[in-house]
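Dear colleague,

I am passing on the structure we spoke about, with some notes to read alongside it.

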Amino acid sequence: MKYLIFLDIDGTVMSSKGFHPRTVDAIAEARKKGHMVFINTGRANSTVYENIRSAVNPDGIISSLGSLVKIGDEVLYATYIPDEITTYVMDFCKRHSVRATIGGENHSVSYCGICFLGKDYEIFSLEDMYNRFPDIKVAKFSFERHLTDEEVSELSKYFTVYNHTTYSEVTLIGNSKAAAMEMVRKKLGVDLSHVIAMGDSDNDTEMLEAAGIAVVMGNAPDYMKEKADFVTLHCDDGGVGYAIEKLVLEKEEDE
């Protein structure tokens, strides 16, 4: 039976140095042998840039923490944040003086200040956003700092909140990397024992726990490694490639 391999992006398949050749080669070899590789990321679909898609050449993409699920060009699942909730979060940003990236399927924009996207993508109201980016399809929010307990509680009315050390991100309640991965698994009829997930951070926890084989990166915090069936090399050293070699390609040779 072939494997389904689900890969987080940042700190997993890609580092600040880019893509390690070992990782790129192992992904290509696995796909050549009939295994299927999926990106499973917290990034909005619009920020899964072409360099990422080209390096991984995935069979499908799960983006925005499970808000959009695609196998090839087929959309299995898509959910977007309604305008009234988007307006609520924009008001939240103003009240709490927090900059945000509004992640959409087709575009991402900045609110309450310039985020990593740059000045051209700063918007000032819901109307401004839709006037300039009418097909944005809002799927998630990311905030440029750790949130307080009170702020998390406020957002939890609508969202699952992932509160990281230096930033935070939210997706509508019911969406998750794990739920999206399970949709793909059931659609393709693959046994759970042949589902591999690889990640490095808190928003990968549910995905790792739901996989048949949980792979945690060598650069992950120690508490994440405790969740692993297999701890691989650091992302900078081609950890994804090493894991694919050991868990998929070499095992296939033995069989």
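Across which strands does helix H3 lie, and at about what angle to E9 does it run? Please keep in mind throughout that this is a predicted model. Helix H3, residues 83-96, lies across E6, E7, E8, E9, E10 and E11, and its direction is at about 10° to that of E9.

Those strands belong to an open sheet of six, ordered E8-E7-E6-E9-E11-E10, in which the pairing is mixed. Strand E8 (122-123) and strand E10 (159-163) are at the edges with a single partner strand each, so one side of each has no neighbour in the sheet. Within this sheet, strand E6 (residues 100-104) and strand E7 (residues 108-111) are antiparallel and are joined by four bridges, and Ile 102 has Val 109 in E7 as its bridge partner.

If residues up to four places away in sequence are set aside, Thr 171 touches Ser 64, Leu 65, Ser 67, Ala 139, Tyr 158, Phe 159, Thr 160 and Tyr 162.

The other sheet to look at is also open and mixed in its pairing, with eight strands in the order E5-E4-E3-E2-E1-E12-E13-E14. Its edge strands are E5 (74-78) and E14 (230-231), each of which pairs on one side only. Strand E12 (residues 195-199) and strand E13 (residues 213-216) run parallel and are joined by four bridges, with Ile 196 standing opposite Ile 213 in E13. Helix H6, residues 177-188, packs on this sheet and touches E1, E2, E3, E4, E5 and E12, while its direction makes about 25° with that of E4.

Ile 244, leaving aside its neighbours within four places in sequence, is in contact with Ile 5, Ala 26, Ile 27, Ala 30, Met 198 and Leu 249. As background, nonpolar side chains tend to be buried together in soluble globular proteins.

Finally, a word on the cysteines, for which the count of disulfides comes to zero. The sulfur of Cys 112 has its closest cysteine sulfur in Cys 93, at 5.2 Å, which is too far for a bond because a disulfide requires the two sulfur atoms to be within 2.5 Å. Cys 115 is likewise in no disulfide, and the nearest cysteine sulfur to it, that of Cys 93, is 8.7 Å away. Cys 112 counts as partly exposed, at 30% relative accessibility, whereas Cys 115 is buried, with a relative accessible area of 7%.

Methods. Residues numbered from 1 in each chain as written. Predicted model: local features only at pLDDT ≥ 70, side-chain atom pairs only at ≥ 80, totals over all residues. Heavy atoms only, no water. Pairing = 2+ DSSP bridges. Helix = DSSP H or I, 4+ residues; strand = E, 2+ residues; numbered from the N terminus. Contact = heavy atoms within 4.5 Å. Axes fitted to C-alpha atoms, helices over the stretch in contact; angles between N-to-C directions. Buried < 20%, exposed > 50% of the residue type's maximum accessible area, 1.4 Å probe, protein only.
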